[in-house]
Amino acid sequence: MIHSDHTPCHGFEEVLSYYRKIVPSLRLAGPTSYAPVVKAAIDIVEKSGGQYHVLLLIADGQVTRSVNTSAKELSPQEEQTIQSIVNAR
C-alpha cells in the first residue's frame with residue numbers, strides 16, 4: 001500500500017494495519033484506472049534507488065470501459081493503465 005504522501009508501507013504487518021485503518025472510510029467507485037497508483041509506485045521505486053518493491057492492487061472490478069467505446073477500442077482508462085504498466089517495466 002502507498003500512504004497518501006506516496007511513502008511505501010514496510011512489511012506485511014504495516015500494509016495490513018494501514019488497510020484496516022482506511023477500509024471503514026473507503027468508497028470504491030468508477031471510473032476505474034490503475035494508472036495513478038502505478039505511477040506513484042514508479043515514483044517510490046525511483047526514489048529508493050531501484051530497490052525491490054511489491055505493488056498489490058485491491059479494487060472493486062475491472063478497468064472502466066466507456067459506454068461509447070467499441071469492442072475493438074480501448075477506453076481512456078484502459079490506455080492510461082496499460083501505458084503506466086509499460087512504463088513501470
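The protein chain has three helices and zero strands, where helices (H or I, at least four residues) and strands (E, at least two) are DSSP runs numbered from the N terminus. Read along the sequence, that gives the pattern α-α-α. Before going further, please keep in mind that this is a predicted model, in which local features need pLDDT of at least 70 and side-chain atom pairs count only at pLDDT 80 or more, while totals for chains, interfaces and linings use all residues. Residues are numbered from 1 along each chain as its sequence is written, and side-chain values use heavy atoms, with hydrogens and water left out.

Let us start with the overall dimensions. Taken along the principal axes, the C-alpha atoms fill a box of roughly 40 × 35 × 20 Å. The chain exposes about 6,900 Å², and carbon and sulfur atoms supply 55% of that area; accessible areas come from the Shrake-Rupley method with a 1.4 Å probe, and for residues only the protein chains shown count as cover. Of the 89 residues, 21% count as buried. Here buried means under 20% relative accessible area, exposed means over 50%, and partly exposed lies in between (1.4 Å probe, protein chains only). Among contacts with a separation of 6 or more, 50% come from residues 24 or more positions apart, a contact being heavy atoms within 4.5 Å.

Next, look at the segment before helix H1 (12-22), where you will find Cys9. Cys9 counts as buried because its relative accessibility is 13%. Its C-alpha atom is separated by 31 Å from that of Arg65, a residue 56 positions away along the chain.

Now follow the chain to helix H2 (35-47).

Asp43 and Lys47 meet in a salt bridge (3.2 Å, N to O), which by definition places a side-chain nitrogen of Lys or Arg within 4 Å of a carboxyl oxygen of Asp or Glu. A search of the whole structure finds one salt bridge. Both partners lie in H2, four residues apart, about one turn of the helix. Asp43 is partly exposed, with a relative accessible area of 25%, whereas Lys47 is exposed, at 67%. After the helix comes Gly49, whose phi is positive, near 80°.

Leu56 contributes to a nonpolar surface patch of about 550 Å², together with Tyr19, Val23, Leu26, Leu28 and Ile58. Patches of this kind are made of residues with over 30% relative accessible area and no salt bridge; like charges are joined within 9 Å, and nonpolar side chains (Val, Leu, Ile, Met, Phe, Trp, Tyr) within 5 Å.

Further along that loop, Thr69 is buried, with a relative accessible area of 15%. Leaving aside neighbours within four places in sequence, Thr69 is in contact with Leu74 and Ser75. Ser75 belongs to the loop between H2 and H3 as well, and its relative accessible area is 0%, so it is buried. Not counting residues up to four places away in sequence, Ser75 touches Thr64, Arg65, Ser66 and Thr69.

That brings us to H3. From its first C-alpha to its last, this helix of 13 residues reaches 18 Å, close to the 18 Å expected at 1.5 Å a residue. Its buried residues are Gln77, Glu78, Thr81 and Ser84. Seen down the axis of H3, these buried residues fall within an arc of 135°, so they line one face of the helix; the arc is that of the directions from the helix axis to the C-beta atoms.

Technical notes
Expected span 1.5 Å × (residues − 1).
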